[in-house]
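Thanks for coming. Please look at the screen.

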Amino acid sequence: MQNKFISALKSMFRNTGDFFRNQQWKEILTILFFLLLSFGFWVLQSLQEDYERRVELPLRYKNIPPEWILSEDNPKKITLLLKDKGSTLMYYLWKAHFLPVDISLSNLSYSPDQYLHVTSQALESAMSKQLMSSTSIISIDPHEIKIKYDTLSSRQVSVVANVIVNTQPGFQISGSIKISQPEVRLYGSNKILDTLQGVYTKFSVIENVSDTKELIVALDLPAGVKADCETVKLTVPVEEFTEKRIHLPVLCCDIPVGYALRIFPSTVEVVCDIPLSLFNELTDDELEIQLSFDEFKENRSTGKLPAKLTKQPSWVVNTVIIPNEVEFIIEQSEHD
């Protein structure tokens with residue numbers, strides 16, 4: 001079966017070769033070859049001729065002042081009529097990738113009617129950067145641009161960091177998160193700005209932190225609102241924490257005349273976590289438990305009052321007081 005297939009295949013190739021060796025087909029193939037060669041020369045010759053072609057380029061407005069908002073009616077593209085050799089125009093068609101034409105508003109003068117004018121000369125200069133030196137710009141549509149803008153209201157507001165920091169075991173945030181620009185100026189309609197007391201950063205989560213971390217985050221601006229800066233830098237102070245124990249007296253400094261207050265125990269132990277670098281900075285003077293006499297009077301029926309810190313540095317965290325409540329007796333002089 002296999003031998004028959006091979007024989008049939010050889011026979012087919014042999015017949016095909018005989019067919020193309022035929023004198024008539026030789027002449028046809030020769031004619032086709034010269035026709036294709038002539039066509040190739042014609043194409044090459046044609047590509048050396050000058051032609052005109054229209055191309056569209058997008059417009060991109062840059063350096064827009066934050067107190068401005070551009071109208072939606074402003075042109076978004078521009079049409080050029082170019083003239084050059086056919087080969088160059090073919091390159092523009094198949095190979096070239098035109099970038100948006102940048103129009104910087106900082107280079108334009110203000111006008112009382114809230115229009116900015118971009119002349120045809122300025123447009124041609126901006127677009128020529130993407131064209132070959134041999135290419136001529138025959139026409140530009142539109143030949144000049146009027147940029148319409150409106151001025152927005154403004155308001156200064158605070159920036160609030162919206163970030164979750166997950167530290168490695170034994171490490172904690174050792175202070176408040178610093179914001180490179182704690183206040184920003186917002187621009188928008190009065191209706192929107194009147195509802196804003198501040199602006200948050202975009203929500204971020206930082207994992208597995210064991211050292212001070214810096215990150216750039218964008219502002220979470222409402223729709224239709226702009227800011228004089230789009231991002232801020234957050235500095236999150238993180239360091240290793242350790243436990244410290246301090247004994248403190250339970251104080252009451254506003255005891256009225258004629259009263260005596262006895263507290264049991266009169267001294268409690270405070271257990272807290274503090275940054276390792278500040279271990280020696282935490283002394284008795286930095287912490288305080290001072291309760292008002294009114295608090296004791298309000299709890300006179302039970303004779304017990306929760307103990308709580310009334311003074312502590314911001315870097316002291318996870319405080320536990322042992323015992324967490326004290327017992328007391330209020331004594332009053334007989335003549336009162």
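Start with leucine 186, which stands opposite alanine 227 in strand 16. Before going on, a word on the source: this is a predicted model, where local features need pLDDT of at least 70 and side-chain atom pairs count only at pLDDT 80 or more, while totals for chains, interfaces and linings use all residues. Residues are numbered from 1 along each chain as its sequence is written, and side-chain values use heavy atoms, with hydrogens and water left out.

Back to the strands. Strand 12 and strand 16 run antiparallel and are joined by two bridges. Two strands count as paired if DSSP finds at least two bridges between them. Strands here are DSSP runs of E with at least two residues, helices are runs of H or I with at least four, and both are numbered from the N terminus. Strand 12, residues 183-188, also runs antiparallel to strand 8, residues 153-160, and six bridges join them. Within strand 12, glutamate 183 stands opposite serine 158, and tyrosine 187 stands opposite serine 154.

What is the order of the strands in this open sheet? There are four strands, in the order 13-8-12-16, and the pairing is mixed. As background, strands of a sheet pair through backbone hydrogen bonds, either parallel or antiparallel.

Now the whole chain. The secondary structure comes to six helices and 24 strands. Of the 336 residues, 30% count as buried. Buried means under 20% relative accessible area, exposed means over 50%, and partly exposed is in between, with a 1.4 Å probe and protein chains only. Among contacts between residues at least 6 apart in sequence, 74% join residues at least 24 apart. A contact means heavy atoms within 4.5 Å.

Next, the inside. In soluble globular proteins, nonpolar side chains tend to be buried together. A nonpolar core here is a set of buried Ala, Val, Leu, Ile, Met, Phe, Trp, Tyr and Cys residues joined through side-chain atoms within 4.5 Å. Which residues touch the most other members of the largest core? They are Leu282, Ile289 and Phe296, in a core of 25 residues. Two or more residues each come from strand 18 (238-251), strand 19 (259-264), strand 20 (267-275), helix 6 (293-298) and strand 24 (325-332). Strand 20 gives the most, with four residues. Leaving aside residues up to four places away in sequence, leucine 282 touches Lys244, Ile246, Cys272, Ile274, Leu287, Pro313, Trp315 and Val316. A second, separate core has 24 residues, including Val55, Ile78, Leu123 and Ile145.

On to charges. Side chains of opposite charge can pair when their charged atoms come close. The cut-off for a salt bridge is a side-chain nitrogen of Lys or Arg within 4 Å of a carboxyl oxygen of Asp or Glu. How many does a search of the whole structure find? It finds nine.

I will go through some of them. Lysine 233 and glutamate 214 meet in a salt bridge at 4.0 Å, N to O. Lysine 233 is in strand 17 (residues 231-236) and glutamate 214 in strand 15 (residues 213-218), so this pair ties together parts 19 residues apart in sequence. Lysine 233 is partly exposed, at 32% relative accessible area.

Arginine 245 and glutamate 269 form another salt bridge, at 3.3 Å, N to O. Arginine 245 lies in strand 18 and glutamate 269 in strand 20, so parts 24 residues apart in sequence are tied together. Are these two residues buried or partly exposed? Arginine 245 is partly exposed at 45%, whereas glutamate 269 counts as buried at 17%.

Arginine 262 forms a salt bridge with glutamate 331, with the closest N and O atoms 3.0 Å apart. This pair links distant parts of the chain, with arginine 262 in strand 19 and glutamate 331 in strand 24, 69 residues apart. Arginine 262 is partly exposed at 44%, and glutamate 331 is partly exposed at 32%. Finally, Arg60, Lys62 and Asp102 are linked in a network of salt bridges.

That is the end of the tour.
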